[in-house]
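Visitor: I am new to this structure. Could we look at it together?
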Amino acid sequence: MLLVFTGTASFAQKSEEMAPTPPMGWNTWNIFQTKIDEPLLKSMVDAYVSSGMRDAGYTYFVLDDGWMAMERDKNGQLVADPQKFPNGMKAFADYVHSKGMKFGIYNCAGTKTCAGYPGTRGHEYEDARLYASWGVDYLKFDWCNAEGENAREAYGLMSKALKATGRPIVFSLCEWGTNRPWVWGKDAGQLWRTTGDIGVAFDKPVTKNGWTPLSVLNILDRQDSIRQYAGPGHWNDPDMLEVGNGLTVNEDKAHFSIWCMLAAPLMAGNDLHKMTDQTKNILTNKEAIAIDQDAMGVEGFKYYMFDGLEMLVKPLSKGDLAVLFLNRSERPQTINFDWAAHQIADTTSKTDVDFSKTTFKLRDVWAKKDIGTTQKPLKQPIASHDVVMLRLTKEQYL
Ligand code: GLA
């Protein structure tokens, strides 16, 4: 009886408990693609800790495509590539856990993964059981080679298989927004990709090897109409971070800030060993992360855009607000924002702020200093592709 009860209790684990705030972690894909193996990744696990990423709140260590052998074994089981992972996947998962992180893995709803490794179609329950036996805590589930499949059903089936294991496994739907997963995704998992893949490009997309992934701004511009679908336990995922992979420092800072404003899952995708101090300072800025991880779980929105200067607003708990000024243009500009002339109303979060009636204190999240209040217009230069990110807190009258 007791066993049955325990199983049921795990089965009933709620999404809100599994991902109350957007999941944070690191994923192999953006920097290494399929060129991964145990020595490299063990060293990444170590760097995850020594760089301060873990202590800044990053939790998951996720292996993306390329971890498997090209064929299932004779019993139909997936196997870790014996050359890349000579000690098997359980040993690697144990290593990740021993350093205080959670372990994530990747597969695909189709017959093969995007890089051509064995997919899960027709093997949902046995794959889920295998992952649970390894101690997997997070599954990213892709959508290549899924011709003829119904996305809602395919993700629903894998979700059931994961739940049936009794182990809480965060389920990350990587269906690229093709079938509007924001409408049905929360019945299956805790996060869903909203677009195709991100590339190392801020503004105009860059073509590499005949493939043109999306830029940071392309992705930002596709989030506004779906923000009402995100919240605690169910997140829009605008894809993993390219911070540290070749954008300028301003662009990296802007990319990270935008993701925080979007309450996006923060999955770093850089080489943790070769991280510059600038990259580290961006990825581990606790004040920016606190905006992403705010308990209310409201995704930000575009409030204002003029001549390439955009302002985003994210309502936060306890009546705070995050405000991001973003210079999308190619030239330096000046922010000149008279708070008192603005009223910010948001039906999704039931926010209604009139700056002519309520004064907020301003904290600059990147400069890490207090810069006055909303009683005075904000006047400040802003470089091309740079941001000014503020946390606004209501002034208390004692
Ligand atoms: C797709 C996904 C990427 C990555 C690759 C792996 O393109 O969207 O995030 O997982 O597959 O092959």
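Visitor: How many nonpolar, polar and charged residues are in the lining of the second largest pocket?
Guide: That lining has 10 nonpolar, five polar and three charged residues. Ala, Val, Leu, Ile, Met, Phe, Trp, Tyr, Cys and Pro count as nonpolar, Asp, Glu, Lys and Arg as charged, and the others, Gly among them, as polar. Please note that this is a predicted model, where local features need pLDDT of at least 70 and side-chain atom pairs pLDDT 80 or more, while totals for chains, interfaces and linings use all residues. Residues are numbered from 1 along each chain as its sequence is written, and side-chain values use heavy atoms, without hydrogens and water.

Visitor: Which residues lie nearest the centre of that second pocket?
Guide: Met18, Ala19, Tyr60, Lys102 and Val170 do, out of 18 lining residues.

Visitor: And the ligand, which residues are closest to it?
Guide: Asp64, Asp65, Lys140, Asp142 and Asp197 are the closest of the 13 residues that surround the ligand (a heavy atom within 4 Å). The shell of the ligand holds seven nonpolar, no polar and six charged residues.

Visitor: Which side chain has an N or O atom 2.7 Å from a ligand oxygen?
Guide: That is the side chain of Asp65. For Lys140, the distance from a side-chain N or O atom to a ligand oxygen is 2.8 Å, and for Trp176 it is 3.1 Å.

Key:
A polar contact is a pair of N or O atoms within 3.5 Å; within protein, one must be able to donate a hydrogen and the other to accept it, and residues adjacent in sequence count only if both atoms are side-chain atoms. On a 1 Å grid over the protein atoms alone, a cavity is a set of points where a 1.4 Å probe fits but cannot get out, and a pocket is an open set with protein on both sides within 12 Å along at least five of seven lines; lining residues have an atom within 4 Å of a point.
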